[in-house]
Amino acid sequence: MRYQRSNFCFFYFDNARVFDPRTVRADGTATWEIRRGAFAVAVIAQKVVPLELDVLTSLHALARNTWYETATFDEDTLEILSPSLLEQLARDGVLLCDLEAAPFEELRRRHRTLEEEQWHPYSALYYFMTQWRRALPKDTPHDREVDEPRLLVERHGPPPAALHRRPDRLAFHPLSLPEAASPLLEGLLQRRSSRIFDASVTLSRRRLESLLYYVWGCQGRLQLSADVELLQKTSASGGALHPIEVYPLVCNVEGLEPGFYHYDVGRHGLEQLNVMTTAEARRLAVELTVGQPYFHDAQVVFVMTARFFRNFWKYHRIDKALSVVLMDAAFLGQTFYLVAAELGLGALFTAAVNALTVEQYLAIDGVQEGPLAVCACGARHPEADAVEPPFPSFRPGDDA
Ligand SMILES: Cc1cc2nc3c(=O)[nH]c(=O)nc-3n(C[C@H](O)[C@H](O)[C@H](O)COP(=O)(O)O)c2cc1C
């Protein structure tokens, strides 16, 4: 059998909280101690794997991108990297193994895709290790704290001031306030997040068409060469490559069955991917957003994914490329808020995405194409303003 050290694997030291099973008491509590440990971060398997130090040293001896026959290992190495440990390390994505069986084949495929599609190792480390997979509200860090500012202040002290001033300024020059003298500028002032939608309202097809066209639609195509085409949309995109795809999850739209669709930008149409009941679509909307109840009553929930290689093809193996892709999604998010406001719809954006659920429902592999963000829109509930009143208005200088 042959093994290779994955070069999408990182090693680090940390303090781990461990307990001695012999200290477990009748009530289930145990004595924990902090032990220093070595860990492998196996990006292809999205796992953090504890390692013994001698294993770490043996792995260090393996050159990357080189297949090793276990038969060629000397006795000392085999004593540490035993056949069963090697297989476990391959299951965990620390090593690649040439076995034609699950999960080794899939891990090799993911590894090959990362290599061929020009992922920078740091980008892969960040993207794959910060994804929430199968996350439930209880699993999300700080959830209770976030909803309870008092707890946050108790634990961490007050946050930095909302409005920042430079103590080292040379002088201060007051500016006069501009008038919002155009529909676009007026529209900017209408943007806000909404969390209480009216589930009983059906979104008209016209409004969905407008949203898709003005946010994710294409208004210009530039053929640079026989193979290379750039696009123009209402949002900017690094290299005009537009790697972001959008999948509307229809919950309640005139003339469309509930379920997932893919927006076909070239033909300005919807490719239906599956059919579900309204109740199923609504449940899925909450699951996709890690249990956030606000998404339940939205009329449409839009899942944004990236076809990474559309960007990495140009910015290949550049450490900044992933942040460009993330910013592309953020630009679309702002355009979405503005178009929704213009159409009189409530809108909400989130990066809290259950990646595994997205991948399963959209039949994407998460490596060639992976989830980034979700936004939703719907008619605001008649009582929404009473529950979530707009921010009190502010004119700069009022409290100066
Ligand atoms: C990157 C990003 C992530 C967000 N994630 C969430 C979220 O998970 N849940 C939520 O209710 N709102 C989320 N929001 C919306 C913000 O909470 C909202 O923008 C903020 O409260 C300010 O309100 P406004 O958008 O009405 O100005 C997110 C916004 C951004 C830009």
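Analyst: Helices (H or I, at least four residues) and strands (E, at least two) are DSSP runs, numbered from the N terminus. This is a predicted model, where local features need pLDDT of at least 70, side-chain atom pairs count only at pLDDT 80 or more, and totals for chains, interfaces and linings use all residues. Residues are numbered from 1 along each chain as its sequence is written.

User: In which loop is Gln 118, and is this residue buried, partly exposed or exposed?

Analyst: Gln 118 sits in the loop between helix 4 and helix 5 (121-129). A residue is buried if 20 or more other C-beta atoms, placed from the backbone, lie within 10 Å of its own, exposed if 12 or fewer, and partly exposed in between. Gln 118 has 18 C-beta neighbours inside 10 Å, so it counts as partly exposed.

User: What is the phi of Gln 118?

Analyst: Most residues other than glycine have a negative phi. Gln 118 is a residue other than glycine with a positive value, and its phi is near 60 degrees.

User: How do helix 8 and helix 12 pack: roughly parallel or roughly perpendicular?

Analyst: Helix 8 (residues 183-190) and helix 12 (residues 321-342) have axes 9 Å apart, at an angle of about 100 degrees. Axes are lines fitted to C-alpha atoms, for helices over the stretch in contact, and angles run from 0 to 180 degrees between N-to-C directions. Angles under 35 degrees count as roughly parallel, over 145 as roughly antiparallel, 65 to 115 as roughly perpendicular and the rest as oblique. This means that helix 8 and helix 12 are roughly perpendicular.

User: Which residues of helix 12 meet helix 8?

Analyst: Two residues are in contact if their C-beta atoms, placed from the backbone, lie within 7 Å. From helix 8 come Gly 187, Leu 188 and Gln 190, and they meet helix 12 at Leu 338, Ala 341 and Glu 342.

User: Thr 335 is also in helix 12. Which residues does Thr 335 contact, leaving aside neighbours within four places in sequence?

Analyst: Thr 335 counts as partly exposed because it has 18 C-beta neighbours inside 10 Å. Ser 235 is 100 residues away along the chain, yet the two C-alpha atoms are separated by 6.7 Å. The contacts of Thr 335 are Val 215, Thr 234 and Ser 235.

User: How many helices and how many strands does the protein chain have?

Analyst: The chain has 400 residues, of which 30% count as buried. Its C-alpha atoms fill a box of roughly 80 × 60 × 55 Å along the principal axes. In the protein chain there are 14 helices and 14 strands.
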